[in-house]
Amino acid sequence: MPLRAKVATSVSKTAAALSRAAGRGDGSVIGGWIGLKIDPELLTHLAAGRAIALVSGTNGKTTTTRLAAAALGVLGPVATNSFGANMPTGHTSALAKAGATPFAVLEVDEHYLARVIDETNPRVVALLNLSRDQLDRAKEVAMMAQMWRTALAGHPDVSVVANADDPMVVWAAQGSSHITWFSAGQRWLDDSFVCPESGHPIERANGDWWCTGCPLRRPQAQWRVEDDGVVDPRGDWHLVKLQLPGTVNIGNAATALAVAAEFGVRPIEALPRLSTVASIAGRYAQVDRDGRNIRLLLAKNPASWLEAFDMAEQAPTLLSINARDPDGFDTSWLYDVDFSPLHNRPVLITGDRAFDLAVRLEVNGIPFRHVLSFEEAIRSVPMGRLEVIANYTAFQDIRAELDRVN
Ligand SMILES: [Zn+2]
């Protein structure tokens, strides 16, 4: 590494450590920021010599990154940004902190994928899904798909691992010469009813989809979820035992297995490692408090709310909504979510924007009770399971009340 990059790496690590010591989070953003100020090409220098997988998409990228990093661990040490700092500052910091590892798996914010591909020269790029996100910040889905498509067209040597069930992802990946398709399902359909190629309607039936006006259609998937397991490209079925709930996470495991296979890791080697992942920065964590078993689910946008309903058991459920900077200020997306899966269970609401949620639930005909604090929520439900579904800062608030669960 050039001297400037060495100095930048060292300063970056020190800044991150100081930030941690000062109790200001994990320090990865500030560390990476300072490193890149000293050497703007630091990420490229740190990436050189490593075999890298990038994971991007609207939802599931933190979990899939964690699972893929666990799977690649079969081969040796893996650097990863496991705290969800998914912009170039976070990548820089993660690689600086990890030292010289042969492998890296990095979660990448959708908007930064093109830049991070340019700077890290990855071996594999995994594309999970594209759907609407924070309304006041995110790009439109079709624009994002176009950015991905352009980015991949400039790197024909990259292996792409992509979700065959999402038409926007398929269109974005299509131009690549080496593609492995996986099927992880698509619960949220509202952002892909129109073909990104021709503008014609997309039709769906029995898990298949096709454009009614051009040749774009669902490719055959080499990796797919079947029951509680995954079928590999040879047709062998593998039982997937996870500590993470829901079919959604079996889909994330299928993606991680497909990514690891690009590096030569076989499912039979990777699967025991996937089953060791219990929670990811508090997500899916279970905490016992006053006789209640509290489980934390993060849901940040309409598609992830549907996934959370799929994961939550039929038990009392607390919903918490904030609209601070990391959440986006606009809560009108609540009207995109169908809350009817919450019928027939006790529902509690809290958070800065609990009343927005109250109006939404009223429209959906879901009875609920408003509570002023997490403590009150715990006291209001009987002994046993309490499911908590919260958006970003609401989730962090509850995590803090439970003393920062991992
Ligand atoms: Zn079309």
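Which residues form one aromatic cluster? Select Trp-305, Phe-309, Trp-333 and Phe-339, which together make up that cluster. Before going further, note that this is a predicted model, in which local features need pLDDT of at least 70 and side-chain atom pairs count only at pLDDT 80 or more, while totals for chains, interfaces and linings use all residues. Residues are numbered from 1 along each chain as its sequence is written, and side-chain values use heavy atoms, with hydrogens and water left out.

**The aromatic pair**

The structure holds five aromatic pairs, where rings of Phe, Tyr and Trp (its six-membered ring) pair if their centres lie within 6.5 Å, and planes under 30 degrees apart count as stacked, over 60 as edge-to-face and the rest as tilted. Keep Trp-305 and Trp-333 selected: this pair is tilted, at 6.1 Å centre to centre with 40° between the planes. Trp-305 lies in helix α11 (residues 302–311) and Trp-333 in the loop between β14 (317–320) and β15 (347–350), so the pair ties together parts that are 28 residues apart in sequence. Helices (H or I, at least four residues) and strands (E, at least two) are DSSP runs, numbered from the N terminus. Trp-305 is buried, with a relative accessible area of 0%, and Trp-333 is buried with 6%; buried means under 20% relative accessible area, exposed over 50%, partly exposed in between (1.4 Å probe, protein chains only).

**The zinc site**

Next, select the zinc ion, which is coordinated at 2.2 Å by Cys-195 (SG), Ser-198 (OG), Cys-211 (SG) and Cys-214 (SG). Donors are N, O and S atoms within 2.8 Å of the metal (3.2 Å for Na, K and Ca), and water is not among the atoms, so sites may look incomplete. In sequence, the donor residues of the zinc ion follow the spacing C-x2-S-x12-C-x2-C. Cys-195 lies in the loop between β6 (179–183) and β7 (202–205) and Cys-211 in strand β8 (residues 208–211), so the pair ties together parts that are 16 residues apart in sequence. Cys-195 counts as buried at 3% relative accessibility, as does Cys-211 at 7%.

**The sheet**

Finally, display the nine strands that form an open sheet with mixed pairing, in the order β2-β3-β1-β4-β5-β6-β9-β10-β11; two strands pair if DSSP finds at least two bridges between them. At the edges stand β2 (78–80) and β11 (237–239), each with a single partner strand, so one side of each is left without a neighbour in the sheet. Within the sheet, zoom in on β9 (residues 223–226) and β10 (residues 229–231), which pair in the antiparallel sense over three bridges, and end at Glu-226, which stands opposite Gly-229 in β10.
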